[in-house]
Amino acid sequence: MEQLLNILPWIWGTIVVATIVIELFLNDIDAIWFSIGALMTLVVSLFKVHICIQLSVFVAITSILLFTVGRRAKRLLMIKNILKVRQP
């Protein structure tokens, strides 16, 4: 278990980098919320807490961001794109 706790910060760091790269190639802003959740979980994993707590932190933060901030951000982007189309 100790070896896993030593590896987990590297795994979370890899997830952060991977989701940022995915976000760069997508036109939508979905993967950024997973990046932020993984980054916060990376910080938690540095304190060597149990993997269940780390997964709970990741799911909680990502869900909150995805379903609150994410929806508003998508709505703002849609409005911004509509206004661009209407301009002469």
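This is a predicted model: local features need pLDDT of at least 70, side-chain atom pairs count only at pLDDT 80 or more; totals for chains, interfaces and linings use all residues.

Q: How many helices and strands does the protein chain have?
A: The protein chain has three helices and zero strands. Helices (H or I, at least four residues) and strands (E, at least two) are DSSP runs, numbered from the N terminus. Read from the N terminus, the order of elements is α-α-α.

Q: And what share of the residues is buried?
A: Of the 88 residues in the protein chain, 24% are buried. Buried means under 20% relative accessible area, exposed means over 50%, and partly exposed lies in between (1.4 Å probe, protein chains only).

Q: What about the surface area of the chain?
A: The protein chain exposes about 6400 Å², and carbon and sulfur atoms supply 74% of that area. Accessible areas come from the Shrake-Rupley method with a 1.4 Å probe; for residues, only the protein chains shown count as cover.

Q: Which residues form the nonpolar patch on the surface?
A: The patch consists of Val-17, Ile-20, Val-21, Leu-24 and Phe-25, with about 540 Å² of accessible area together. Patches are made of residues with over 30% relative accessible area and no salt bridge; like charges are joined within 9 Å, and nonpolar side chains (Val, Leu, Ile, Met, Phe, Trp, Tyr) within 5 Å. A salt bridge is a side-chain nitrogen of Lys or Arg within 4 Å of a carboxyl oxygen of Asp or Glu.

Q: Is Leu-24 buried or exposed?
A: Leu-24 is exposed, because its relative accessible area is 66%. Leu-24 belongs to helix 1, residues 2-25.

Q: And Glu-23, buried or exposed?
A: Glu-23, also placed in helix 1, has a relative accessible area of 14% and therefore counts as buried. Leaving out residues up to four places away in sequence, Glu-23 touches Asp-28, Ile-29, Asp-30, Ala-31 and Ile-32. Contact means heavy atoms within 4.5 Å.

Q: Moving on, how many aromatic pairs are there?
A: A search of the whole structure finds two aromatic pairs. Rings of Phe, Tyr and Trp (its six-membered ring) pair if their centres lie within 6.5 Å; planes under 30 degrees apart count as stacked, over 60 as edge-to-face and the rest as tilted. One of the pairs is Trp-12 with Phe-58, which is tilted, at 5.2 Å centre to centre and 40° between the planes. Trp-12 lies in helix 1 and Phe-58 in helix 3, so this pair ties together parts that are 46 residues apart in sequence.

Q: What about Phe-34 and Phe-58?
A: Phe-34 and Phe-58 form a tilted pair as well, with 6.5 Å centre to centre and 40° between the planes. Because Phe-34 lies in helix 2 and Phe-58 in helix 3, the pair ties together parts that are 24 residues apart in sequence.

Q: Which residues of helix 2 are buried?
A: They are Ala-31, Trp-33, Ser-35, Gly-37, Ala-38, Thr-41, Leu-42 and Ser-45. Thr-41 has a relative accessible area of 0%, so Thr-41 is buried. Not counting residues up to four places away in sequence, Thr-41 touches Trp-12, Gln-54, Val-57 and Phe-58.

Q: Where is Lys-48, and what is it in contact with?
A: Lys-48 is in the loop between helix 2 (31-45) and helix 3 (51-86). Leaving aside neighbours within four places in sequence, Lys-48 is in contact with Leu-5 and Asn-6. The C-alpha atoms of Lys-48 and Leu-5 are 5.8 Å apart in space, although the two residues are 43 apart in sequence.

Definitions and conventions
Residues are numbered from 1 along each chain as its sequence is written. Side-chain values use heavy atoms; hydrogens and water are left out.
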